[in-house]
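Okay, thanks everyone for coming.

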Amino acid sequence: MSIFNSHPPKINKNKLIKWLITNYNFKYKKKISLKKLNSERDKNYLLSINNKSKFVLKISNKFESKKFLELQDYVLKSLKKKSSIKKIIPKIIHKKIKTFVDENNSPCCIRILSYIEGKMYADSKNSIDLESSLGSYVGILSKELQNLVHEAAFRKFEWDPSSIDWIKIHINLFKSNRKKIIQKILNEYIYFVKKNKSNLRYSLTHGDVNNYNLVVSNNKITGLLDYGDMLFAPTINDLAICLAYALMNKNNLYDSLKTIVLNYHNQFPLTFDEIFSLMTIVKSRLTITVVMAEKQIKKFPNNKYLVISQKDAWSLLYKLDKINPYIFVYLIRDFCNYPIIKNYSKLISYLETNKFNKIFDKEINEINKSIINLEAKSLFSRISTNDPNKLSKKIKNYLLKNNSEIGVGLYGEKRNVYKGINYISLFNYNERRNIHLGIDFFINEGTVIKSPLDGKVVILHNNKNKFDYGPTVVLEHNVNSEIKFYTLYGHLSAKCLKKLSIGKKIKKGDGFAEIGNFPINGNWSSHLHFQIIVDLMNEKNNFPGVAEKNLWSMWSKISPNPNLIFKIPETFFNKNKNVDNLISKRKSLISNSLSIAYKNPIQFLEGKYQYLFDDKGRQYLDCVNNISHIGHCHPRIHEALTSQNLKLNTNSRYLYKIMNDYSENLLSKFPKKLDTIFFVCTGSEANDLAYRIAQVYTKSKDVLVMDNAYHGHTNSLIDLSPYKFKNIGGGGQKEYVHVAEMPDGIRGKWTYSDNKFTEKYINQVKLLIDNIQNKKNKNLSCFFVESILGCGGQILLPKNYLKEIFKLVRKNKALCIVDEVQTGFGRVGNYFWAFEEHKVVPDIVTLGKPMGNGHPIGAVITTKEIANAFNNGMEYFNSFGGNPVSCAVGNAVLEVIKEEKLQSHANQIGKYFLYKLQKIKKIFPQYISEVRGKGLFIGIDLIKNGNNLLPNKYLALDLVNNLRNRGILLSVDGPHHNVIKIKPPLPFNKSDVDFVCYEISDYLLHK
Ligand SMILES: Cc1ncc(COP(=O)(O)O)c(C=O)c1O
């Protein structure tokens, strides 16, 4: 016999009252009354004295050990001392545990506790406040019990929900569905609790925080009763037990669970591993309740208390049974701000940082896309989901109109297209699952789907329900010992069901299925639903593709944004502006003398290193924007700019250290002689100032420039730029401007075939200078030159050319000004400045474009002597030049060039590029006369019929427009508009080179 199968004590009330009067020293002994309270195995009474003082009289079962009662008293006394919880703990009134002999002649222990007024939790109206109070107090209880120890607590106890093996032998108490549910819980218990026990914290536990042991007043817990189930057990037992009862009869499981668990967690943080077991312990406790009830009812058919919670326990068990146990684990981990699984952040960063194989024939980012919006009231959702034919037509037309090959259905979109009972939330029957967990690709039926990485088929099933996936495949991707995830493909054709089998390995890039069509695909218009799954949660056939709003935070972690795989630029998902509107508005507002690139202009929304992304989510490889020298939108530049801008941005008449630091850093890149800076904002300003300095220094105005050069857009510089003044709209050559022939070995006055080629060009300059000097009142002020002739068509200057010209210029006391606006900052690879190659030191160097990686800064670098001569009393002031933000940005650019070794990278990649282009030239001599350049400053000279003298501007223009459609940005330059200019951001890599070279070859091949 034990206390569980013996009857409660048999009491004669009158005898008991007499006994009480003689044994206790009550203050008013006149009127003692006893009212029976519920108990399963003891006899408990509400003891009232004179209708005033109330106590609880506890008469224990004769089999109850005294030691165990001492344990209860020990805990009550200890908790009563804790200010955090004492309010809800009954006070011990008896001094000593006494013994009373019942009607069966059995000695029973008697204890008296204070009575706490209030309603039982079971009879109280539920509210958030009450659930918060419950969660908090159970948390505090767990915390305070951590440090208490008592030998009597170490015992085996059938009500311990962390040990339910014993239930196995009672499984036949139940039939059909109930039996199935209990069996499922027993299996779940082994994995989620038994095997996890070593990861749980153990302590004294109350053991029965149920709705009838909690007293409530004013929406708060005011009493925790009945310490008769105390046990040394997993600490979370108390929370689990409290949840088992508190979740009964709740329409909204989610809210109650969250409130109670979070309030508990705030008082006593749950551990990651405890959460793994928590909800299974809840189910175990409910299982004990129903098993005990079934067992005990048979023995004690009259004890109503035994059946009290059985009905409610079953209805909660039915609800919980429908929810995958992992959902609870991940939901609660998410409540408590834990990652849902171990290594979650490793997995996400793996997905973020890796490039995956394309899933269709074409790379998603290399084709034009449009968003297919299915949220309520959208263009497409207005079409009944029962009419996929109509929807398909509408989508096709829309894509056609928007020049897009593929429609993209959005992750995280709330849709009202999911009808039927399958989409009702299991946590709250008033809520529907309607937020999309995948990304949809609307594309033709039959399109082959390829695996983005190596995988294995783990789900292969036809999910036939209406609005479901139809044929579905899930692949498992075991990346390494720490990283594993799954990808789901829904709405396939039926082919894969025959072709594939569970366990089949699929190699990265292998086509394994095809897009299906209605009705087989769940009756949708043809598309792929693609979803990432972090943990399959033991699902065997299907996996939720939409989630309820309440659970979105968790679901968005179980199934994170699939764009982690595709890397469609985020700006694509913003509401985009229509390009046509942009063009017409721009044309009406902004001067039309500024041209727009391409026959089909592009609206770029985003840039990243050497890539730009347009409003169709398409990626373009940027081969021309040398301003974004260290890469588009480099985070270091953003950081330098914003942090300085938040501190200070003012003009250069004040002192700030960053200006000195940057100047020191920049000057260290120059020969010693060049030791003084003037800060400006653009390349034009730099050249304009350089010319002004030269004029002041030499007191002369005449200037020597290279033919076809461009040095800037100011009044003075247009006159110094044959590229402008010679061409349409130009005002012609001014008499003080002298133009040196470009040493163009192909179409110049003297060509490579002339063995005195360089000498003859030098002589031409000598003649020019002599001519100037011979004229009365005329003197040369300066010679402007780029170290590689950009607008001239990326022409390299021959060896010794600059050296000799510099000698001639200096002989006439004029200055040598090198324009490094295009070529500076390591672009040419072997040198930081392109002039260094020619073993010359200019008198002035001008800088711009790459200097601020897109931020407008420029500079004039010269010698002290020249700078001092310019300081003639007229101040040089530039409102923006050299401001703190510009200096911070400029400095960051220099740092990144150094840290990312961009100069040597440009050298290496440039050599590879030239090597590959030379190979193309050999294959297509009819189209290419020369490939030339240094580092990542390259030109391809295009010709007609293999004739060097026939520059082919049509081919150049067509090639640039054609490669734009292939996702490559290039431009044309040179006096004959036949030179393809290549000057990409320096992060440009080998595979970018391969891509460009492949596409150029392919274009030329199909000409
Ligand atoms: C060689 C050269 N110098 C100067 C400039 C003028 O620079 P900015 O456009 O910053 O005024 C340019 C612009 O393209 C250039 O190519």
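Salt bridges, then: this is a predicted model, and the count in it comes to 48. Let me pick out a few of those.

Take lysine 342 and aspartate 273, whose side chains meet in a salt bridge at 3.8 Å, N to O. Is lysine 342 buried or exposed? Its relative accessible area is 56%, so lysine 342 counts as exposed.

Next, lysine 760 with aspartate 754. Here the closest N and O atoms are 2.6 Å apart. The two partners fall into separate classes: lysine 760 is partly exposed because its relative accessible area is 30%, and aspartate 754, at 18%, is buried. The cut-off for buried is under 20%, so the 18% of aspartate 754 puts that residue in the buried class.

Then there's arginine 966 and glutamate 999, also a salt bridge, at 2.6 Å from N to O. This is another link between distant parts of the chain, 33 residues apart. Arginine 966 is in the loop between helix H27 (953-965) and strand S38 (968-969), and glutamate 999 is in helix H28 (residues 990-1005). Glutamate 999 has a relative accessible area of 12%, so we call it buried.

And if you like networks, have a look at Arg747, Glu930, Arg932 and Asp941, which are linked by salt bridges.

Okay, the ligand. Which residues come closest to it? The shell has 13 residues, and the closest are Gly683, Ser684, Asp819, Gln822 and Lys849. Helix H19 (residues 683-698) gives the largest share, with 3 residues.

From glycine 683, a backbone N or O atom lies 2.9 Å from a ligand oxygen. The side chain of aspartate 819 puts an N or O atom 2.7 Å from a nitrogen of the ligand. And with lysine 849, a side-chain N or O atom is 2.8 Å from an oxygen atom of the ligand. As for how covered the ligand is, taken alone it exposes 390 Å², and the protein buries 85% of that.

Where is the cis peptide bond I have in mind? It runs from phenylalanine 518 to proline 519, with omega near 5 degrees. Proline 519 is in the loop between strand S20 (511-514) and strand S21 (527-533).

Phenylalanine 467 has a phi of about 70 degrees, and you'll find it in the loop between strand S16 (455-463) and strand S17 (470-478). Phenylalanine 467 is buried, since its relative accessible area is 10%. Asparagine 708 has a phi of about 65 degrees, in the loop between strand S27 (702-706) and helix H20 (715-719). Asparagine 708 is buried too, at 7%.

While we're on loops, look at histidine 491, between strand S18 (484-490) and helix H13 (495-499). Histidine 491 has 4% relative accessibility, so it counts as buried. What does its side chain reach? The backbone oxygen of asparagine 521, at 2.9 Å.

Last stop, the outside. Leu589, Ile590 and Leu594 make a nonpolar surface patch of about 310 Å². Leucine 594 is in the loop between helix H16 (579-589) and strand S23 (604-608), and it is exposed because its relative accessible area is 51%.

And one more exposed residue: asparagine 266, in helix H6 (residues 253-267), with a relative accessible area of 57%. Asparagine 266 and cysteine 336 are 70 residues apart in sequence, but their C-alpha atoms are 8.8 Å apart in space.

That's my tour. Happy to go back to any of these on the screen.

Key: Residues numbered from 1 in each chain as written. Predicted model: local features only at pLDDT ≥ 70, side-chain atom pairs only at ≥ 80, totals over all residues. Heavy atoms only, no water. Patch = residues over 30% accessible without salt bridge, like charges linked within 9 Å, V, L, I, M, F, W, Y side chains within 5 Å. Areas by Shrake-Rupley, 256 points an atom, 1.4 Å probe, with all protein chains shown as cover. Salt bridge = Lys/Arg side-chain N within 4 Å of Asp/Glu carboxyl O. Helix = DSSP H or I, 4+ residues; strand = E, 2+ residues; numbered from the N terminus. Buried < 20%, exposed > 50% of the residue type's maximum accessible area, 1.4 Å probe, protein only. Near = heavy atom within 4 Å. Polar contact = N/O pair within 3.5 Å; in protein donor to acceptor, adjacent residues only side chain to side chain.
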